[in-house]
Amino acid sequence: MNRDSTNAHTHLEQQVEELLDDLSLREKLGQCVMIEPCFCLEERNSEEFGDDFSSVMDPEYLEMLLVDYNIGSFLFGGASRIGDGSPVAWADYIARVRKFAHNNTRHKIPMLFGIDAVHGLNFMKGSTIYTHNLAVTATWNPQLARQYAAMVGTELSSIGFNCNFAPTIDVARDTRWGRVYESLGEDPYLAAEISRALVEGMQGNGDLAACAKHFIGYGESNNGMDRTPADLSERGILENHAPPFEAAIEADVLTMMVSGGDVNGMPIPASKRMLTDLLRDRLKFKGATMSDWEDVERLYSRHKIVPDRKEAVVRSFNAGLDMNMAVSHIGAVDVMEEAVKDGSIPMQRLDQAVRNILLVKFKLGLFEEQPLDIQHAGDLVGSRQSRALAEQLALESITLLKNENQILPLDRDTKSILITGSSADSKRHLCGGWTLGWAGAEEDDLECKTILDAIREKVPSATVTYVSDIDELREQDLAKKDFDVCISVVSEEPHAEWYGDSMELGFEEPEEALLRAAIATGIPVVVVSVIGRPLNVSWLDDQVAAMLWAYLPGTEGAQPVADILFGEHNPCGRLPISFPRDASHVPVVYNARNYESDEINTRYDPLYSFGYGLSYTDFTYSKLKVPAEVKSGEEVEVTITVSNAGKVDGSEVVQLFLRDIFASVTRPLKSLKAFARVSLKAGESKTVSLTLTPHQLSLYDEDLKFVEEARPVEALIGDQVGEFRILG
Ligand code: GLC
């Protein structure tokens, strides 16, 4: 931090201390409780309550929340809607609440307004819905990820929000988990690079707090299910789950949401080891932590580690939590007041929590906040720029998994195409969960092209026959129609969180039946998957001609699918996660502590590997150069020549892995340590240079000290291997 920023930081800290000294106990407590105003409405408990949230504007209601309870943060869940749900309605509401707080509270402390804009302004009709984070990671393009996050951040703050419960930066090491599509995949290094980019992008304007979530180990529960217990070694947490959080902290992420899960017998919100010893003392997080939705309450109602709600609050705040996302439990303030008064929560701990929260608000400049430009709040939402960015993000993520006999790209003058699958003509299946509602959108609430639309536009002279289900397929007189190709679009019902958990990683019954019927026609089948995570596609792998994974590509995702199918773009996505051969094979990750052994069954043997992805051209590697040795503290430059040996231009991701020939502890079979995306014209070669820093050459020794241990290692890129020695 340079002198100016150090002084500025000190000045902010002084302002925080001055304000803190003036606050009453109730004013301090209100800063630590985050309320969902629509959920807190008394009427919600009445039978006839529909979804009229209009009384969130009532002055008496705001008086209760902001003056009686001094609430300092609002969040909005997927089911909430302000007014007609338009950008102007949201901006107008937030402006009114800001004004009410300014005019009616003693210290006029600005509020945090938080929401889940996790793939665009996904809570708002007419907004651009981007692809989800697993696909952002599949682009291996941190620069594009940064631009995307900056665009979403600008759109979100233009309607008054100053806190986004994003990015989700969990590492997912079990594909049965219902939130794999929201994660950054299985590799900690790639996840860290994307995490850093997303936080830098989202906080770039300085008027929005990103929220790194969900600290920590959320993507590796014992049975792969959402929010179920995890037993993780300290090594596993540090090596596999900490890196994206470390990167977010280096990017000065202002807030962090903690997972509600039980890790090693202790739910994170009550874990001092995690919230203080690891997050604050070891990882040096300086921002404000918040619980996830009602997770303090769940210490009592679910985890049963405390006898009552008061103890739940005591345990979580004494563990180091700063904000309780209490949602509708406004009484959490009273419970906390009792705990502070009787000494269960020391005043010093409360002060530290309030200090962390106020520092975020000062850093965001909320105390000098400019008035919201309500009439223009919607100008950015769904803009041409955001749609173009969303299309580029989807395009660079789409991963070609199979392409037998180069059936793809299809010829632009293909005569007769059969398209199967209801999601071929669906908008909601392109967007998945967290879209205009927690578990996904209603079809009519979205305005965008479907894959069927985009294909028809792409090949207007072709005869395109669309069948949405197996009955319609059976009605086709296949003999007469002589189809050149069958494009089978497969999907899953949009879902969120535990609703997406899958024990068997199978397709939904109608999807699989239709797919098998399409294969049985004998027409060459090209599968287009708009499923957000790796399912078991082993049975498909040798029965279809090609497989293209589009993830959940969003409202702008249909066009890139058609562009790739017909060769306008060469697919360049690379897998951020392994495809297991079947559910019994899970967890299968490329960087497990494995051995190349002919005896024991530790071999990494997925259907498709981490980092894999085909192109319409061929890339070859040669002339890998590494130094013979590297001294402690020095960087290593690795160079390689990449060639495009095919007939079309393409973009390759050069992936540098490190393999320990031996070390003082067992090591992953290999670990990604650097990557670079490179574009090559047909026949072109380029020499790419990648750097390994001392950090990337270090490991956690048996005592979990992070050391640059002397040892021989190999650098691996493609089929090239270069050995060198770390002198340590
Ligand atoms: C949910 C999710 C979390 C989200 C929060 C607020 O339960 O776990 O990712 O940010 O609630 O909506």
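Reader: Which residues in helix 11 meet helix 12, and which residues in helix 12 do they meet?

Author: This is a predicted model, in which local features need pLDDT of at least 70, side-chain atom pairs count only at pLDDT 80 or more, and totals for chains, interfaces and linings use all residues. Residues are numbered from 1 along each chain as its sequence is written, and side-chain values use heavy atoms, with hydrogens and water left out. With contact meaning heavy atoms within 4.5 Å, R309, K310, V313, V314 and F317 in helix 11 meet V335, M336, E338 and A339 in helix 12. By class, that contact of helix 11 with helix 12 has six nonpolar, no polar and three charged residues.

Reader: And how do the axes of helix 11 and helix 12 cross?

Author: The axes of helix 11 (residues 309-319) and helix 12 (residues 332-341) come within 9 Å and cross at roughly 70°. That makes helix 11 roughly perpendicular to helix 12, a term covering angles of 65 to 115 degrees.

Reader: Switching topic, how many disulfides does a search of the whole structure find?

Author: The search finds zero, where a disulfide is a pair of cysteine sulfur atoms within 2.5 Å. C40, for instance, is in no disulfide, and the nearest cysteine sulfur, that of C38, is 10 Å away.

Reader: Is C211 buried or exposed?

Author: C211 counts as buried, at 0% relative accessibility, the cut-off for buried being under 20% relative accessible area with a 1.4 Å probe and protein chains only. C40 is buried too, with a relative accessible area of 7%.

Key: Axes fitted to C-alpha atoms, helices over the stretch in contact; angles between N-to-C directions. Helix = DSSP H or I, 4+ residues; strand = E, 2+ residues; numbered from the N terminus. Parallel < 35°, antiparallel > 145°, perpendicular 65-115°, else oblique. Nonpolar A, V, L, I, M, F, W, Y, C, P; charged D, E, K, R; others polar. Buried < 20%, exposed > 50% of the residue type's maximum accessible area, 1.4 Å probe, protein only.
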